[in-house]
Every structure is written in structure tokens, then in C-alpha cells.
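Work through the following exercises with the sequence and the structure side by side, and try each task before reading its solution.

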Amino acid sequence: MLVRGSHGRGRASVTHAVVVIFLEFFAWGLLTTPMLTVLHETFPQHTFLMNGLVQGVKGFLSFLSAPLIGALSDIWGRKSFLLMTVFFTCAPIPFMRISPWWYFALISVSGIFAVTFSVIFAYVADITAEDERSTAYGLVSATFAASLVTSPAIGAYLSAQYGDSLVVLVATVIAVADIAFVFFVVPESLPDKMRLTSWGFPISWEQADPFASLRRVGKDTTVLLICVTVFLSYLPEAGQYSSFFLYLRQVIEFSPAAIAAFIAMVGILSIVAQTLLLSVLMRTIGNKNTVLLGLGFQLFQLAWYGFGSEPWMMWAAGTVAAMSSITFPAVSALVSHSAAPDQQGVVQGMITGIRGLCNGLGPALYGFIFYLFDVELNDMDVSSTSSPDGRTIIPGPPFLFGACAVVFALLVAIFIPEHHQLAEVKTCSAHKSGTSSTAHAQNSSPLGTPTNDAEDIEPLLQNSSM
């Protein structure tokens with residue numbers, strides 16, 4: 001159900017979440033080309049491995065902080081933590097031109113608060129009925145892809161015509177606009193009866209400890225299966241995201257214009273997949289089977305990337321990659337359907353924490369595998385690509401490793417039950433403070449149950465697109 005926000009303008013809606021995600025990742029998408037340049041200039045040796053280290057620190061810090069931020073947002077509300085995560089995620093952008101070393105240092109440290117998706121998914125769960133939530137998650141995930149449809153091409157054009165400084169300035173302005181939008185426009189989504197008015201409410205160490213979340217994962221079979229599936233499927237995705245543009249440019253010999261067009265194509269197809277296709281699949285084959293189908297697409301895509309050596313193969317595999325983008329929103333919906341209304345932040349924080357860990361391990365792992373197979377990614381000059389005699393039989397070894405990981409993810413996901421209550425995750429609400437948490441749960445109706453406050457129910461995007 002949709003609830004009326006107590007802060008901001010109007011009532012909370014999925015549109016607010018979509019705008020926040022779009023602006024944040026559009027700003028970062030503009031920096032795709034300047035980022036490659038700054039990486040090469042700052043770390044002329046072992047560029048890709050250093051990138052993996054920077055992203056690894058950021059991802060590990062995200063893993064450590066996600067459970068705490070999720071639990072705090074369940075008590076104090078989503079808006080303040082949404083403002084915090086957007087601010088710190090975008091804070092490094094202007095430092096790309098001010099000081100590259102400070103830029104990479106801030107990117108690493110920003111991982112403490114770079115969990116925007118965790119808060120956004122909890123925000124969406126607050127304001128949508130259970131049967132609408134998977135569509136809403138698909139729309140939010142599709143918005144991430146939409147932000148990358150044009151932003152890398154725009155950034156590359158501005159960089160070529162006016163220099164990287166203008167691109168960084170435009171990205172900074174968009175980031176500031178996003179922060180202002182959250183502060184002045186976005187309403188609070190968590191109902192007053194579920195939100196504490198006192199900031200003195202105690203948070204136990206177990207709620208803040210990310211390893212406690214992993215211990216809870218082991219106590220509930222369904223949570224364990226879901227988290228292992230997320231880890232095995234997102235680990236190769238995180239590594240791919242950090243290296244693929246550079247791989248296309250040097251190994252496959254894509255031009256900058258071709259890379260921008262490739263990103264746009266995958267983004268547009270991802271919009272269709274995560275909105276129209278996802279809605280149809282969720283209604284026809286169910287949540288679990290949608291996850292399995294998405295993992296199948298990802299397996300096919302990674303295998304094609306691994307063995308493909310011609311540009312047309314990358315274009316074909318890119319279409320399959322767009323179809324695989326349905327996996328994460330389907331997994332998020334599967335988890336959310338099984339969690340209590342006052343535990344949405346906790347469960348989404350657990351999933352985001354696992355993804356944060358993958359964001360740390362994936363880039364470093366891909367860089368190391370490229371290094372082992374002598375696929376050099378630290379030279380930005382396309383002409384230095386290895387000669388045909390020197391090419392390996394497998395052009396992209398890390399992608400084949402990723403395909404193997406997805407095979408195991410598929411095997412694990414098969415055993416996830418279609419309907420299950422995440423009992424252990426719910427149990428952690430009892431650690432908040434005994435009766436206070438119980439009162440919150442008693443005062444809140446299940447998300448899928450209709451209420452008399454019919455005017456607060458918003459039909460969620462019956463005809464939507466990404």
C-alpha cells in the first residue's frame with residue numbers, strides 16, 4: 001500500500017525513487033570516458049588492478065555498513081538515510097579534476113554510505129502493495145539502465161569537444177540537483193506509527209554487525225539459498241561492470257563511439273526487460289522461475305563474452321545481457337515478499353551487503369584473472385592490442401569464470417522455495433528493544449492487505465517502460 005509521507009512535498013511514490021536513482025547514476029555515467037583517462041594517468045602501471053583495489057575497498061566498506069544503515073532506516077525513516085547515501089556517493093565527483101588522488105581516496109571511503117539501492121528498495125517496499133512490488137523493483141532497476149542509455153555518449157562527446165573539466169562540472173551540477181531533490185521534494189515513506197520520534201533508541205551490535213547478518217543467513221535455509229545465489233551471480237557481474245568498457249576498447253577494438261552505442265543499446269533493452277518483460281514473467285511463470293530465467297540469460301551472455309572475439313559477437317551477447325538484468329529485481333521481490341513490513345530495510349540491507357562484498361571482490365578478481373592470462377588492460381592505446389599470433393584461444397577468461405559461477409548460482413536457486421517467511425530475519429526485530437518493535441509490527445498492517453485508506457493506494461504503473 002502507499003502511505004502518505006510526513007516530510008517533503010505530497011505523498012511518497014515510486015516516482016520519487018526513480019528520479020533519485022536516475023540522477024545519481026546519470027551523473028556517474030557522464031564520467032565513463034573521463035574515468036578511464038584519469039585511471040590511466042593516475043596509475044600508468046597496472047591500471048586495472050589498481051581500479052580493482054579502489055573498488056574493492058569501496059565494496060567491502062559497503063558490505064560492512066549496509067546492515068546498520070538498513071536497520072536504522074527501519075527505525076528513523078528512509079529520507080534522512082537516502083539523503084546521506086546520495087550525498088556521500090556523489091561527493092567524489094568534483095575531485096576528479098581537483099585532485100585525482102583525493103578522488104580515488106574518496107571513492108574508496110564513500111563505500112561506507114554507498115548503499116543507495118538498499119534504502120531505495122526499502123522506500124519502495126513501504127509504499128507499494130505486495131503484488132505490485134516486483135513491478136516497482138523492476139522499474140527502479142530499469143531506471144539504472146536508463147540513466148546509462150545516453151549519459152556515456154553525452155560524456156564522451158562533451159569530453160572530446162570541450163574537455164574533461166566540463167564533463168565533471170556537468171556531473172557535479174546533476175549530483176547537487178539530486179541531493180536537493182531528496183532534501184526538498186522527496187517525502188518520508190515510513191509511516192509515523194512505524195517510525196521512532198526519539199533518536200535515543202538503542203541499536204544492538206547484532207543489527208549493525210554485517211557478519212551477524214551472515215550468521216543469520218546460515219540459520220535460515222531460504223535466506224542462505226537466496227544470498228548464495230546473489231553472491232554467485234553478482235560476483236561476475238561486478239567484475240564485468242568494472243572492466244568491460246576497457247575490454248571492448250582494447251581487446252575487441254571498439255571505437256569510443258561504438259562503446260557509447262553499445263551501452264545505449266543494452267540500456268534500452270534493459271528498460272524493456274525490467275519493466276514490460278519482468279511484469280509479464282512475474283505474472284505468468286512466477287517469481288522463482290523468473291530468477292532462474294534471468295540466471296540462464298546471464299550464463300549464456302558470459303559464455304559468449306568469454307569465447308567471442310569479433311565485434312558482432314559482443315553486440316549479440318549484449319542483447320542477452322540486457323535480458324539477464326531481470327535477475328536482481330526478481331530476487332529483491334522474492335526477499336521482500338517474505339519479510340515483515342518493519343524489516344524491509346534489514347532484508348534489503350543484507351542483499352545490498354552481499355552485493356557490496358561482490359563489488360569489492362569482483363573487480364579485483366577479474367583484474368587478477370586477466371593478469372594471469374596475459375590480457376593486458378592497462379594500455380589505453382588500441383593499436384597496442386596483441387597480434388593475432390599472440391592472442392589466446394579464450395579472449396575473455398574472466399567471463400568464463402563468471403559463467404561457471406552462474407552455473408552454481410542456478411543449481412542453488414533451484415532449491416529456493418517459492419513461498420517462505422524469512423523467520424530468522426524477522427526475529428532480529430525482537431533485538432531492537434523488546435516491546436517497542438512488537439508495537440511497531442502490531443500497529444502496521446501487512447503490505448499486501450487492503451486498508452480503509454483507499455486514497456493512499458496508487459495503482460503502480462499499469463503501463464510502464466524503463
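**Exercise 1.** Describe how helix 8 and helix 13 are arranged relative to each other.

Solution. The axes of helix 8 (residues 130-162) and helix 13 come within 7 Å and cross at roughly 170°, where helices are DSSP runs of H or I with at least four residues, numbered from the N terminus, and axes are lines fitted to C-alpha atoms over the stretch in contact, with angles from 0 to 180 degrees between N-to-C directions. Helix 8 is therefore roughly antiparallel to helix 13, a label given to angles over 145 degrees. Among the residues of helix 8 that meet helix 13 are Gly-138, Leu-139, Ser-141 and Ala-142, and the residues on the side of helix 13 include Gln-274; contact here means heavy atoms within 4.5 Å.

This is a predicted model, in which local features need pLDDT of at least 70 and side-chain atom pairs count only at pLDDT 80 or more, while totals for chains, interfaces and linings use all residues. Residues are numbered from 1 along each chain as its sequence is written, and side-chain values use heavy atoms, with hydrogens and water left out.

**Exercise 2.** Is Gln-274 buried or exposed?

Solution. First locate Gln-274, which lies in helix 13 (residues 256-284). Its relative accessible area is 5%, so Gln-274 is buried (under 20%, whereas exposed means over 50% and partly exposed in between, with a 1.4 Å probe and protein chains only). Beyond residues up to four places away in sequence, Gln-274 also touches Ser-325 and Ile-326, among others.

Technical notes. Helix = DSSP H or I, 4+ residues; strand = E, 2+ residues; numbered from the N terminus. Parallel < 35°, antiparallel > 145°, perpendicular 65-115°, else oblique.
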